[in-house]
Each structure stands twice: as C-alpha cells, then as structure tokens.
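Colleague: I am new to this structure. Please take me through one part of it in detail.

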Amino acid sequence: MPTKRTAELVDAMRRRQFIRFSRRFESSKIRGYVLDVGPQFFLFALVSDRIWFDGFECFRINDVKNLRPDPYAPFAEAALKKRGERRPKNPRVSLANIEDLLLSAGKAFPLVTIHREQVDPDVCWIGRVQGVNRGGAAGNKPRRCLGRHA
C-alpha cells in the first residue's frame, strides 16, 4: 500500500512540479523534479543552488522529510529557461528494488555514487557497477556494489 509520502511524490511527478525536501541525513534542501517513483526509491532530477540541472539521484522514500513545492519555483524555472536548460529525460533506471536500481544505473551511467549514510555518513563509493551481492536473510544484510572505487 502506498504511503502518504509516496502519493505526494507521484503527485509532484504528474504535475511536473518543482519541489524541495530535506532528508534525515543532511540539513541542506534538495531541489528539482521527481522523474519516477518506485516502491522504496524515487528518481530525481537535481537543480543546483546555482540553478542548473545537476544530474540524477535516487533517494529512499522513507528518508524524505519536509516535502513541499519550492517557494522559489517561478524564479528558478525562469532562470533555467533563460539559460536554455531543459528538464532532462528520464534515464533508464529501474526502481523495482535496490538490485535493479544499481544494475540499471550502472548500464545508464559510466559512474555511480553510492552513499550508505547509516553505515558511514562521511563515505561514498564511486565506480562502475559490475554486479550486486544478493546476500543476507530477508534483506537484513547490506548489499554491496562490486567494482573499482575512485
């Protein structure tokens, strides 16, 4: 059953609404557009503080807090338009589960960054996805991205 937060994300995606939210792991606001919503994760087109499209990120739905329309959306969208920035097309990333997300992101992009904030908030892994360990009983064990780390 979809959560209230999932419904809000789907609504923002359908409306093509410029939104902002924060996460439990960081204090800064994240701004941009929801591109797709899955059972646990959503795909987001980031807009930087300098008002440029700044790539894609997938976030865990349960980590989102303070989701709302961005109060400066008209200004940001006008600046993006003036700069000739267009909303990026959805990359071919599956949000069905964490394994599909990692494998499909690895096919869509030459490098993938993985943050495991609960394990170590100051560390990220950057590299090519070569495979996914599916170990652990009922998903209790963290899955690891296999590959070279930059």
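Which residues form one aromatic cluster?

Modeller: First, the ground rules. This is a predicted model, where local features need pLDDT of at least 70, side-chain atom pairs count only at pLDDT 80 or more, and totals for chains, interfaces and linings use all residues. Residues are numbered from 1 along each chain as its sequence is written, and side-chain values use heavy atoms, with hydrogens and water left out.

Now the cluster. F21, F42, F44 and F59 form it together. Rings of Phe, Tyr and Trp (its six-membered ring) pair if their centres lie within 6.5 Å; planes under 30 degrees apart count as stacked, over 60 as edge-to-face and the rest as tilted. A search of the whole structure finds nine aromatic pairs.

One of them joins F18 and Y33. This pair is edge-to-face, with 5.3 Å from centre to centre and 65° between the planes. F18 lies in the loop between helix 1 (4–15) and strand 1 (19–23), and Y33 lies in strand 2 (residues 26–37), so the pair ties together parts that are 15 residues apart in sequence. Helices (H or I, at least four residues) and strands (E, at least two) are DSSP runs, numbered from the N terminus. F18 and Y33 are both buried. Buried means under 20% relative accessible area, exposed over 50%, and partly exposed in between (1.4 Å probe, protein chains only).

C58 is partly exposed, at a relative accessible area of 29%. C58 and F41 are 17 residues apart in sequence, and 6.3 Å apart in space, C-alpha to C-alpha. Leaving aside neighbours within four places in sequence, C58 is in contact (heavy atoms within 4.5 Å) with F42, L43, V93, L95 and L101.

Strand 3 meets helix 1 too. The buried residues of helix 1 are T6, L9 and A12. They pack against strand 1, strand 2, strand 3 and strand 5 (64–69). The face of helix 1 turned away from its buried side carries the exposed residues K4, R14 and R15. After helix 1 comes R16, whose phi is positive, near 55°.
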